[in-house]
Amino acid sequence: MQTISENACFGGIQGVYTHPSEACGCDMTFGLFVPEEAQGGPVPLLWYLSGLTCTHENAMVKAGMQGWAAEQGIAVVFPDTSPRGPGVADDDAFDLGQGAGFYVNATQAPWAAHYRMWDYVATELPALLGAGFALDMERQAITGHSMGGHGALTLAMSLPGRFRSVSAFAPICNPTGGDWGRKQFAAYLGEDEARWAAHDASLLMAARGFDGPVLVDTGTADQFLDLLRPETLASAALARRQQGTFRMQPGYDHSYFFIASFMEEHIEFHAEALWRD
């Protein structure tokens, strides 16, 4: 692992690091904010998964997370959204290829060689973080935006006991039922739709739910509402009486202005679960 940069930030350190990834077969970059409390011992960890076209940097510089995380004494990791590099398959469309990994393990050519973002986020990066930083890997939570909200919800429901809480900003809730999902799943996973269900938050909510608190915010003025399909997740949660809060925020769109507006509440939500004995 190599250090790209480390900057003092709200009493802690905001770092950017790169490392060769066995899962993705290329170098991967991530951001990590570690609060001042880490000098005295391991601190809880919150994952932030970003959306389409983003890198590790977007939320790191736009979401306003570090100040609220510092107040709560928790670390935040910002993984990239896909493998990258000249040897990594890509597409001219913004919603497929580099910047659009969808947090799945691709099985189809040409994507299968590098697009194993599920293994990267679920297995490889956690092991690297636990070994290299003062983090309490028994206290993890996860959040994300749009495609990253999809990833946060599906990882949380598929890895019981891993995360104490999950939240999402404008997540892609039902990718098997919309154009943000069907196109990508067909490319990455093949035409057998039975394989897609494991990466659909609404179907996972109906089938198993989450063993902890859930918070989801979506804006009523989100320009991608028909692609996000928030009603499918809320209906599935209500049907199984899932512990959770599902909010439609009046006037907000899909931008980082929306994310930053409610980030304090999401950090407090996760901190309550992370520090609970």
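Predicted model: local features only at pLDDT ≥ 70, side-chain atom pairs only at ≥ 80, totals over all residues.

Student: Okay. Which residues does Ser 146 touch, leaving out residues up to four places away in sequence?

Tutor: Find Ser 146 in the loop between strand 6 (135-144) and helix 4 (147-158). Now apply the contact rule of heavy atoms within 4.5 Å, and skip residues up to four places away in sequence. What you get is Gly 51, Phe 169, Ala 170, Pro 171, Ile 172, Trp 180, Leu 228 and His 254.

Student: Is Ser 146 buried or exposed?

Tutor: Buried means under 20% relative accessible area. Ser 146 has 3% relative accessibility, so Ser 146 counts as buried.

Student: And Gln 223, buried or exposed?

Tutor: Gln 223 also sits in a loop, the one between strand 8 (214-219) and helix 7 (225-228). The cut-off for exposed is over 50%. With a relative accessible area of 51%, Gln 223 is exposed.

Student: Which residue has its backbone nitrogen 3.3 Å from a polar atom of the Gln 223 side chain?

Tutor: Start with the contacts of Gln 223: apart from neighbours within four places in sequence, they are Asp 253 and His 254. Then look for the backbone nitrogen that lies 3.3 Å from a polar atom of the Gln 223 side chain. That nitrogen belongs to His 254.

Student: How far is Gln 223 from Leu 45, going by C-alpha atoms?

Tutor: Along the chain, Gln 223 and Leu 45 are 178 residues apart.

Student: What does Arg 240 count as?

Tutor: Arg 240 is in the loop between helix 8 (230-239) and strand 9. Beyond residues up to four places away in sequence, Arg 240 touches Met 205, Ala 206, Ala 207, Arg 208 and Gly 209. Its relative accessibility is 34%, which means that Arg 240 counts as partly exposed.

Student: Which residues of helix 2 are buried?

Tutor: Helix 2 covers residues 65-72, and after it comes Gly 73, which has a positive phi, near 70°. The buried ones are Met 65, Gln 66, Gly 67, Ala 69 and Ala 70.

Student: Now the whole protein. What is its radius of gyration?

Tutor: The protein has 9 helices and 9 strands, and its C-alpha trace spans about 50 × 45 × 35 Å along the principal axes. For 277 residues, a compact globule would have a radius of gyration near 19 Å. The value for this protein agrees with that: 17 Å.

Student: Last one: what percentage of its residues count as buried?

Tutor: The accessible surface comes to about 11,000 Å², with 50% of it belonging to carbon and sulfur atoms. To answer you, take the 277 residues and ask which count as buried. The share is 57%.

Terms used. Residues numbered from 1 in each chain as written. Heavy atoms only, no water. Helix = DSSP H or I, 4+ residues; strand = E, 2+ residues; numbered from the N terminus. Rg over C-alpha atoms; globule rule 2.2 N^0.38 Å. Buried < 20%, exposed > 50% of the residue type's maximum accessible area, 1.4 Å probe, protein only. Areas by Shrake-Rupley, 256 points an atom, 1.4 Å probe, with all protein chains shown as cover. Polar contact = N/O pair within 3.5 Å; in protein donor to acceptor, adjacent residues only side chain to side chain.
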